[in-house]
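Please consult the sequence and model shown here.

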Amino acid sequence: MTTPWEHLPRLALIPGPTPVHPLPRLGRELGLELWVKRDDLTGLAFGGNKTRKLEFLLAEAQAQHADTVVTAGAVQSNHCRQTAAAAARLGLQAVLVLAGEPTEPARGSGNLALDALFGAQVVWTDRAQRDQALRATVEALRDQGRRPYLIPYGGSNPLGASAYARALAEALAQMPTPPAAIVLASSSGGTQAGLVAGARVLGYRGRIVGISVDEPRPALAERVAELASQTLALWGRRERVHPTEVEVHDVWARPGYGVFTAAEAEAMRLAARREGLLVDPVYTGRGLAGLLGLARERALPTTGPVLFWHTGGTPALFAQPYLRQWLAQMAQ
Ligand SMILES: *Cc1c(COP(=O)(O)O)cnc(C)c1O
């Protein structure tokens with residue numbers, strides 16, 4: 001079957017398919033046939049889901065003869081770190097518009113330290129003015145005679161989302177039977193939208209369960225549906241995805257973005273101690289906390305595989321104050 005995303009230009013930043021494997025000890029404890037898709041192992045600079053999107057986005061940047069890539073995110077953005085690494089590899093200047101306070105010791109840790117190592121230029125702004133700051137940064141670069149290529153938050157536009165349709169085909173080819181459910185941390189929505197749009201084309205009928213990392217359910221479900229519809233349109237398909245067809249759970253997002261609670265601490269501890277697997281405090285720890293919670297409520301399928309899609313975030317383990325807070329939680 002030729003898929004519509006195969007016709008889109010793509011740079012190979014990832015050496016090959018990322019591994020898929022069972023998580024038997026954790027699965028037995030939860031009464032699930034649990035598997036994991038290891039997109040923490042995409043191979044570039046500690047990995048993550050954004051590298052897949054960048055394969056498509058940076059192919060377009062090169063086609064447009066860009067010499068600079070501009071994107072935005074939170075202080076400890078995994079997306080910005082992967083963009084900075086990919087830009088370095090392609091000989092492009094990365095400019096990152098980061099919302100927040102560059103406080104110590106955060107400045108010298110985690111993703112932010114890596115951004116500097118990759119030679120990215122950082123523009124600081126506050127959250128309320130980040131869109132304006134992003135536009136102003138692009139304009140200033142143009143005025144300087146540069147050719148900037150703008151990547152949206154999280155790389156989440158139809159082109160970036162197409163990478164996750166391709167990734168769904170990759171995962172389905174790796175599994176002995178198709179997963180009854182896929183569970184992932186969902187934030188800017190591009191990953192989930194790509195999976196949802198890809199499922200339409202591939203005829204995948206399992207559940208695609210987004211655990212919201214920061215937003216209430218209606219807002220995220222609406223964005224995922226809209227982005228999935230736009231992604232289908234990019235491939236020449238006229239069908240639309242309705243928000244009621246998008247499964248999102250927001251219970252774990254309620255404490256707020258990046259707020260470390262006992263739920264993430266438990267998920268990190270269980271993944272580490274049952275499977276030797278690392279999940280991060282902000283995204284995958286929250287996503288796995290959602291999976292644990294749904295499993296205990298008997299809200300996940302108990303026949304057929306449940307695939308936890310690991311989306312990366314490893315450097316956040318080494319961003320203060322998370323690790324310190326985590327260790328405090330562990331002591332309780
Ligand atoms: C960005 C990110 C996500 C969320 O992906 P979206 O496409 O923005 O929804 C999940 N996990 C990690 C580690 C991320 O960096």
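A charge sits over a ring if NZ of Lys or CZ of Arg is within 6 Å of the ring centre and within 35 degrees of the ring normal. The charged end of Arg 130 meets this rule over the ring of Tyr 153, 4.1 Å from its centre. The model is predicted: local features need pLDDT of at least 70, side-chain atom pairs count only at pLDDT 80 or more, and totals for chains, interfaces and linings use all residues. Residues are numbered from 1 along each chain as its sequence is written, and side-chain values use heavy atoms, with hydrogens and water left out.

**Ring contacts**

- Lys 50 lies over the face of Tyr 283, at 5.8 Å from the ring centre.
- Rings of Phe, Tyr and Trp (its six-membered ring) pair if their centres lie within 6.5 Å, with planes under 30 degrees apart counted as stacked, over 60 as edge-to-face and the rest as tilted; the count by this rule is three aromatic pairs.
- Tyr 164 and Trp 309 form an edge-to-face pair, 5.7 Å centre to centre with 65° between the planes.
- This pair links distant parts of the chain, 145 residues apart: Tyr 164 belongs to helix α6 (residues 158-174) and Trp 309 to strand β10 (residues 305-310), where helices (H or I, at least four residues) and strands (E, at least two) are DSSP runs numbered from the N terminus.
- Tyr 164 is buried at a relative accessible area of 0%, and Trp 309 is likewise buried at 0% (buried means under 20%, exposed over 50%, partly exposed in between, with a 1.4 Å probe and protein chains only).

**Largest pocket**

- The largest pocket has a volume of about 590 Å³.
- Its lining comprises 31 residues, of which Tyr 153, Gly 154, Ser 187, Ser 188 and Tyr 283 lie nearest the centre; lining residues have an atom within 4 Å of a point of the pocket, which is an open set on a 1 Å grid over the protein atoms alone where a 1.4 Å probe fits, with protein on both sides within 12 Å along at least five of seven lines.
- Elements that each supply at least two lining residues include α2 (49-63), β3 (68-74) and β7 (181-186).
- The lining divides into eight nonpolar, 16 polar and seven charged residues.

**Buried lysine**

- Lys 37 is found in strand β2 (residues 33-38) and counts as buried at 0% relative accessibility.
- The Lys 37 side chain makes a polar contact with the side chain of Thr 18 at 2.9 Å (a pair of N or O atoms within 3.5 Å, one able to donate a hydrogen and the other to accept it).

Key:
Points joined across faces, edges and corners; volume = space filled by probe spheres on them. Nonpolar A, V, L, I, M, F, W, Y, C, P; charged D, E, K, R; others polar.
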